[in-house]
Amino acid sequence: MPELPEVETTRRGIAPHLTGRTIVAVVARVAKLRQPFPAGLNERLVGRTITTVERRAKYLLLRCDCGTLLIHLGMSGSLRIVPTTQPATKHDHFDLLLDNGTSLRFRDPRRFGLVLWTEDDPFTLPPLAGIGPEPLTDVFDGHYLQRCGAKRRLAVKLLVMDNRVVVGVGNIYANEALFRAGIRPDRPSASLDADDYRKLAATVKSVLLEAIAAGGTTLQDFTDSDGAPGYFALRLAVYGRDGKPCPTCGTPISLSRLGGRSTFFCARCQE
């Protein structure tokens with residue numbers, strides 16, 4: 001599943017091609033992805049200008065002068081800027097045709113993505129209402145994280161993956177951040193001290209920033225908005241490396257399950 005770095009990489013890739021462009025048509029080739037496409041998108045969007053392309057959590061927000069189109073990439077979705085004349089494949093389900101002869105094309109083989117529309121504040125919609133801060137903002141730091149976890153028995157990995165605590169820290173990056181911080185993923189949140197939380201918040205930020213700079217992590221069918229793969233996978237220290245030597249101490253990486261998700265850690269380096 002594309003995680004925050006992949007979605008941010010996509011935003012940065014498509015934003016220069018969309019900002020200031022006028023929509024001339026909307027094409028939906030199927031009736032629904034995870035949910036039906038919003039009704040009347042052609043009537044709402046044709047002739048409207050895209051003013052900004054933003055991201056909140058794993059949602060892309062295409063702001064127009066009449067409302068906001070929200071896109072979630074789901075499990076396998078990707079967005080491309082292509083010539084409008086380029087034939088669509090069977091997995092190209094949704095296009096925004098632009099006034100310069102290009103299209104924003106949503107490809108989603110598994111059809112778990114979402115396209116939503118609102119004329120209201122998008123942050124009041126259920127997907128975005130009540131979620132936590134962005135991990136790369138100043139709001140998210142060790143003090144904040146400690147306030148969220150100091151009295152909870154919840155495993156610390158599940159704490160940082162809780163969207164009500166902080167958004168966008170998916171399974172890959174939670175594993176990597178905890179390894180860098182030297183913290184076992186199954187430790188109860190209440191057992192961490194202030195220094196642990198400071199290190200964890202810092203490593204969450206550094207891992208995400210490095211992944212964004214590298215273009216994300218290629219897993220299964222994700223590629224960035226230019227069709228190029230992300231290269232952060234080459235830097236993964238623990239994720240997907242069970243049984244392989246820890247890059248720090250050589251101990252074989254352990255694999256367990258937490259919250260139904262595969263969890264990778266070094267039993268020697270992480271306490």
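Two strands pair if DSSP finds at least two bridges between them. Helices (H or I, at least four residues) and strands (E, at least two) are DSSP runs, numbered from the N terminus.

This is a predicted model, in which local features need pLDDT of at least 70, side-chain atom pairs count only at pLDDT 80 or more, and totals for chains, interfaces and linings use all residues. Residues are numbered from 1 along each chain as its sequence is written, and side-chain values use heavy atoms, with hydrogens and water left out.

**The sheet**

An open sheet is formed by four strands in the order S1-S6-S7-S5, with antiparallel pairing. Strand S1 (23–28) and strand S5 (78–83) are its edge strands, each of which pairs on one side only. From one strand to the next, the twist averages 20°.

| Strand pair | Bridges | Opposite residues |
|---|---|---|
| S1 and S6 (residues 92–98) | five bridges | Ile23 and Leu98 |
| S6 and S7 | five bridges | Leu96 and Leu104 |
| S5 and S7 | six bridges | Pro83 and Thr102 |

S6 and S7 also form a hairpin with three residues between them, and Gly101 in the turn has a positive phi of about 85°. Buried means under 20% relative accessible area, exposed over 50%, and partly exposed in between (1.4 Å probe, protein chains only). Five of the six residues of S7 are buried, so this strand is largely enclosed by the rest of the structure.

**Helices H5 and H6**

Helix H5 and helix H6 (residues 194–214) pack at an angle of about 130°, and their axes are 8 Å apart. H5 is therefore oblique to H6; angles under 35 degrees count as roughly parallel, over 145 as roughly antiparallel, 65 to 115 as roughly perpendicular and the rest as oblique. Axes are lines fitted to C-alpha atoms, for helices over the stretch in contact, and angles run from 0 to 180 degrees between N-to-C directions.

**Asn175**

Asn175 is placed in helix H5 (residues 171–181). This residue is buried, with a relative accessible area of 1%. A polar atom of the Asn175 side chain lies 2.8 Å from the backbone nitrogen of Phe264. Contact means heavy atoms within 4.5 Å. Leaving aside residues up to four places away in sequence, Asn175 touches Lys157, Val238, Tyr239, Ser262, Thr263 and Phe264.

Notes
Polar contact = N/O pair within 3.5 Å; in protein donor to acceptor, adjacent residues only side chain to side chain.
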